[in-house]
Amino acid sequence: MRKSFMTAAVAVGLSLATLGLGTAVPASAAPAVGYTSRSTSSADATDAFFQAVLKSVAEKRAANPSSAAAVTVVYDASRAPTFSAQIAASTRIWNSAVSNVKLQSGSASSADFSYREGNDPNGSYASTDGHGSGYIFLDYQQNQQYNSTRVTAHETGHVLGLPDHYSGPCSELMSGGGPGTSCTNAQPNSAERSRVNQLWANGLAAAMDKALDKN
């Protein structure tokens, strides 16, 4: 049993388009961050995923300007039907916790990232190809060992810009598997909520400038 979710690593494999249900197929040259750790830091991999999602959201927002204060990030959960309840719970948790960004279910064609499910010895993780496509992979075995809603909310935290901090207490969502299987907290703490709001206020502004320059 791993004590700590997979961290910053370069996963070499097939493209996202060939990833199928039941088997984890990592994206080509894709940084991945997970619920248990093999190394000490996931900051670079988390930033890669966050920047990819920001890019996707900013380009859509630039094409269809909105006056809404909160940014909408669209996800596709059609490839993770086993975890539909956990994904819905994770969405409610984050939407209640932060104000500058909101998660919304949508189709694969409109999604900024997706959820997948299957078996992988590395456990659950978030991965991106760095070009506006990203996914969260939910591993069957790990989600039986650890609280599944916490795993899903933790991985979603990577999408929103938060890195792993495995040495943190159970009250810290991004401590992931660090506190062990008995930890069931699926709520981000006040510092994590504040950081996500800050990232989506400042980070989106920079991404929007880039997106608008292309139009």
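**Entry 1: a bridge in β8.** I began with tyrosine 115, and I found that its bridge partner in β8 is isoleucine 136. I note at the outset that the model I am reading is predicted.

Entry 2: I next turned to strand β7, residues 125-128. Four bridges join β7 to β8, and the two run antiparallel. I noted one partner pair: tyrosine 125 has phenylalanine 137 of β8 as its bridge partner.

**Entry 3: burial of β8.** Is strand β8 enclosed or open? I checked its residues, 134-139, and six of the six are buried, so the strand is largely enclosed by the rest of the structure. I recalled that in a regular strand the side chains alternate between the two faces of the sheet.

**Entry 4: β6 and β4.** I then examined β6 for cover and found it mostly covered, with six of its seven residues buried. I also traced a pairing of β6 with strand β4, residues 71-79, which is parallel and has three bridges. Within it, tyrosine 75 stands opposite phenylalanine 113 in β6.

**Entry 5: serine 105.** Which residues does serine 105 touch, leaving aside its neighbours within four places in sequence? I found contact with Val74 and Tyr75. Serine 105 belongs to strand β5, residues 101-105. I recorded serine 105 as partly exposed, with a relative accessible area of 49%. From serine 105 to alanine 77 the C-alpha to C-alpha distance is 7.3 Å, although they are 28 residues apart in sequence.

**Entry 6: proline 121.** I looked between β6 and β7 and located proline 121 in the loop there. Proline 121 is exposed, and I noted its relative accessible area as 71%. I also compared its place in sequence with its place in space: proline 121 and glutamine 142 are 21 residues apart in the chain, and their C-alpha atoms are 9.0 Å apart.

**Entry 7: helix α2.** I moved on to helix α2, residues 84-97. Its 14 residues reach 20 Å from first C-alpha to last, close to the 20 Å expected at 1.5 Å a residue. I listed its buried residues as Gln86, Ile87, Ala89, Ser90, Thr91, Ile93, Trp94 and Ala97.

**Entry 8: α2 against α4.** How do the axes of α2 and α4 cross? I found that α2 and helix α4, residues 148-159, have axes that come within 9 Å and cross at roughly 55°. That angle makes α2 oblique to α4. I noted the crossing as right-handed. The contact involves Gln86, Ile87, Ala89, Ser90, Ile93 and Trp94 from α2, together with Ser148, Thr149, Thr152, Ala153, Thr156 and Gly157 from α4.

**Entry 9: the whole chain.** Last, I stepped back to the protein chain as a whole. I recorded five helices and eight strands, and read along the sequence their pattern is β-β-β-α-β-α-β-β-β-β-α-α-α. Of its 215 residues, 51% count as buried.

Methods
Residues numbered from 1 in each chain as written. Predicted model: local features only at pLDDT ≥ 70, side-chain atom pairs only at ≥ 80, totals over all residues. Heavy atoms only, no water. Buried < 20%, exposed > 50% of the residue type's maximum accessible area, 1.4 Å probe, protein only. Pairing = 2+ DSSP bridges. Expected span 1.5 Å × (residues − 1). Axes fitted to C-alpha atoms, helices over the stretch in contact; angles between N-to-C directions. Parallel < 35°, antiparallel > 145°, perpendicular 65-115°, else oblique. Left-handed = near helix turned anticlockwise from the far one by under 90°. Contact = heavy atoms within 4.5 Å.
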